Protein chains: 2
Amino acid sequence: MSDALVRLIASFRKLPSVGLKTAMRYAYKIVEMSTPEVHEFIAAINEAKNTIHFCKECGNYTELDVCERCQTAEKHTICVVKDPRDISAFEKMGTYNGLYHALHGTLDFQKGITAEQIRVKELIQRLTNVSEVIVATNPDIGGELTAAYLAQLIKPLGIKVTRLAHGIPMGGEVEYADELTLSRALSDRKEM
Amino acid sequence: MSDALVRLIASFRKLPSVGLKTAMRYAYKIVEMSTPEVHEFIAAINEAKNTIHFCKECGNYTELDVCERCQTAEKHTICVVKDPRDISAFEKMGTYNGLYHALHGTLDFQKGITAEQIRVKELIQRLTNVSEVIVATNPDIGGELTAAYLAQLIKPLGIKVTRLAHGIPMGGEVEYADELTLSRALSDRKEM
């Protein structure tokens, strides 16, 4: 295999969850593309890298200094997520009108990730007119830990702190639910 | 979502089997990469596109005019495959020393792909010193059709035409074999 192909495959493997076989298919596709198509591809990478950065308020991706959402959102509620990509999931849902805040990580004692290394300080600074903080970190160890930490920090400020509900996913089957999900669904059961 | 991000996502979706969610993850990763990393990525794409083309003999990818394999291989056997990526699979196996020939497609009457549109003429021109043609197209409709067509064309030249064996994959289980594979495995059974 040619050196140029090996290098391109190595580059594609830096993308998330791309293994050798997938990287090879991508590299072959690049070679098969027309030259204008490849130029367009490169231009898109360059343009995105040069124009997109993090909103200095919420930490989401934006081409602006402060993103549109931070400028126009209803400012009494703030939804705290781990990564900007989690914001995309909320946006697709389309029924939430408040602010977002991407922490860019969650607490992890094993990896030595403390509150100083994620955007907690920036969150606290944004709470002036906020009456509810919705903690939407993932229901894993780091996410739960971060949620507990934030609740302890924010509740004394007289601000309501809530957590996304966990349970059987809509369309999911009880039979196939894992034990943790099922026990959570049971303990959080609602009266009909 | 910013226009630059939308365009980058659209570019990534041109890669094989990349849907919206995967393209978004790749685009986010590009934005998160350091500038030198992105430049390296772009350089690898450019280099591959500018230096790699098809070997004029076998149709595989190469940086040369005639690829190394065509220059050094044992020239009595030629293994015919659909795509250059199939050659990679053989190369990984490592026990075949003969020539390759990538057809760049298989016959497809529905899509109107005839022998003139794949590299059949180029194959026939290479058969001077060849004593066996191994047809290694996929065991699907197009692959079987192409194999039958090539056999009809090449056998009258006094050259042996063989086809890869089909059956239960090694490590596979009879229970989970599809009907076609099982019936092929049965009809091609070997005496022990």
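Trainee: Which residues does Y149(A) touch, not counting residues up to four places away in sequence?

Mentor: Y149(A) touches L107(A), A115(A) and V120(A). Contact means heavy atoms within 4.5 Å. This is a predicted model: local features need pLDDT of at least 70, side-chain atom pairs count only at pLDDT 80 or more, and totals for chains, interfaces and linings use all residues. Residues are numbered from 1 along each chain as its sequence is written, chains are lettered from A and ligands numbered from 1 in the order written, and side-chain values use heavy atoms, with hydrogens and water left out.

Trainee: Why is Y149(A) called partly exposed?

Mentor: Its relative accessibility is 27%. Buried means under 20% relative accessible area, exposed over 50%, partly exposed in between (1.4 Å probe, protein chains only). So Y149(A) counts as partly exposed.

Trainee: What makes C58(A) and C55(B) count as buried?

Mentor: C58(A) is at 1%, and C55(B) is at 2%. Buried means under 20%, so both values qualify.

Trainee: How many disulfides does a search of the whole structure find?

Mentor: Zero, over all chains. A disulfide is a pair of cysteine sulfur atoms within 2.5 Å. For C58(A), the nearest cysteine sulfur, that of C70(A), is 3.7 Å away. The sulfur of C55(B) is 3.8 Å from that of C58(B), so it is too far for a bond.

Trainee: What relates chain B to chain A?

Mentor: A rotation of 180° with 0.0 Å of shift along its axis superposes chain B on chain A, RMSD 0.1 Å. The two copies are thus related as by a two-fold rotation axis.

Methods: Copies are superposed by least squares on the C-alpha atoms of residues with pLDDT of at least 70 in both.
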